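Visitor: I am new to this structure. Please show it to me, then take my questions one at a time.

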Amino acid sequence: MGETKDGCVQPAGGPIPQLQPEAGPVAETQRGETKMVARVGQAAPDFEASGYLEGGFKNFKLSDFKGKWILLCFYPGDFTFV
Amino acid sequence: MAAVAAQAGELTKLGVQVLSVSTDSRFTHKIWQEEELSKMVPGGVPFPMLSDQTGAIGRIYGIYDEAAGVDIRGRFIIDPDGIIQAMEVLTPPVGRNVTELIRQVKAFQHVRATGEVTPSGWQPGRPTLTPGPDLAGKVWKQWKVENAF
């Protein structure tokens, strides 16, 4: 997963369903709808997203960082006020 | 996010990888970094800023607002085994408390390292408790409510 070319669109995988259901919660996709699966005490749902880091564009997976503590912060939008 | 970025050094010292996510594109992240964040925090945001333009990631984390089309303010502390240890979700007008977030990281790390438990408001150096039959009904002897503040 190297640095991506600077195309206009960079597809990223989004939610990555677990292959072994017993290993953790599964992203249940029905008719394209994804249900919430995040719960404390349960495995964090894996995903792939395109991203920006220090001047470059790259795709990242949550599972790239397994073995580290992770702080995952969602926010309503760039340039919002708080 | 600037407040989290301002504490990035402390979070790195604690071995925490920060990932921020919004429904903006990676191009918008770049311009926000260059035009604003880098002027609020020296060096700007030093961690990956991820793009969730379809809201699919926000949906599985339960923080996607379908009506507004944005990911609301949810933050998740995930341990080295990939288990979610803490989550906090706020509606957009109220920002997070990064100091409390760091306190929780320290508490979860202490619990993981020692097997002790951290009472309300615990800070590093304050008393912890070791659960067991002998402690049942005797917490009042070992821990005072003033310790929570």
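Guide: Helices (H or I, at least four residues) and strands (E, at least two) are DSSP runs, numbered from the N terminus. This is a predicted model, where local features need pLDDT of at least 70, side-chain atom pairs count only at pLDDT 80 or more, and totals for chains, interfaces and linings use all residues. Residues are numbered from 1 along each chain as its sequence is written, and chains are lettered from A and ligands numbered from 1 in the order in which they are written.

Visitor: In what order do the elements of chain A run from the N terminus on?
Guide: Chain A has 0 helices and 6 strands. From the N terminus on, the order is β-β-β-β-β-β.

Visitor: What pattern does chain B follow along the sequence?
Guide: Chain B has both kinds of element, with 6 helices and 6 strands. Read along the sequence, its pattern is α-α-β-α-β-α-β-β-β-β-α-α.

Visitor: How many residues of chain B are in contact with chain A?
Guide: Two residues are in contact if their C-beta atoms, placed from the backbone, lie within 7 Å. Chain A brings 39 residues to these contacts, and the number from chain B is 57.

Visitor: Which elements of chain A give two or more residues to the side that touches chain B?
Guide: By class, that side has 26 nonpolar, 9 polar and 4 charged residues. Here Ala, Val, Leu, Ile, Met, Phe, Trp, Tyr, Cys and Pro count as nonpolar, Asp, Glu, Lys and Arg as charged, and the others, Gly among them, as polar. The elements are strand 1 (14-15), strand 4 (47-53), strand 5 (56-61) and strand 6 (69-74) of chain A.

Visitor: Which residue of strand 1 of chain B stands opposite Cys73(A)?
Guide: Two strands pair if DSSP finds at least two bridges between them. Strand 6 of chain A and strand 1 (residues 16-22) of chain B pair in the parallel sense, over 6 bridges. Opposite Cys73(A) stands Ser20(B).

Visitor: Is strand 4 of chain A mostly covered or mostly open, and how many of its residues are buried?
Guide: A residue is buried if 20 or more other C-beta atoms lie within 10 Å of its own, exposed if 12 or fewer, and partly exposed in between, with C-beta atoms placed from the backbone. In a regular strand the side chains alternate between the two faces of the sheet. Phe47(A), Ala49(A), Gly51(A) and Leu53(A) are buried on one side, and Glu48(A), Ser50(A) and Tyr52(A) on the other. Strand 4 of chain A is mostly covered, and the buried count is 7 of 7.

Visitor: What is the bridge partner of Ser50(A) in strand 2 of chain B?
Guide: Strand 4 of chain A pairs antiparallel with strand 5 of chain A over 6 bridges, and with strand 1 of chain A over 2 bridges. Another 3 bridges join strand 4 of chain A to strand 2 (residues 49-51) of chain B, also antiparallel. There, the partner of Ser50(A) is Ser51(B).

Visitor: Why does Gly82(B) count as buried?
Guide: Gly82(B) is in the loop between strand 5 (73-78) and strand 6 (84-90) of chain B. Not counting residues up to four places away in sequence, Gly82(B) touches Ala43(A), Ala44(A) and Lys66(A). Gly82(B) counts as buried because its C-beta neighbours inside 10 Å number 20.

Visitor: Over which residues of chain A does pLDDT stay under 50?
Guide: pLDDT is the predictor's confidence in each residue, from 0 to 100. The mean for chain A is 81, and 73% of its residues reach 70 or more. Where pLDDT is low, the predicted coordinates should not be read in detail. In chain A, pLDDT stays under 50 over residues 21-28.
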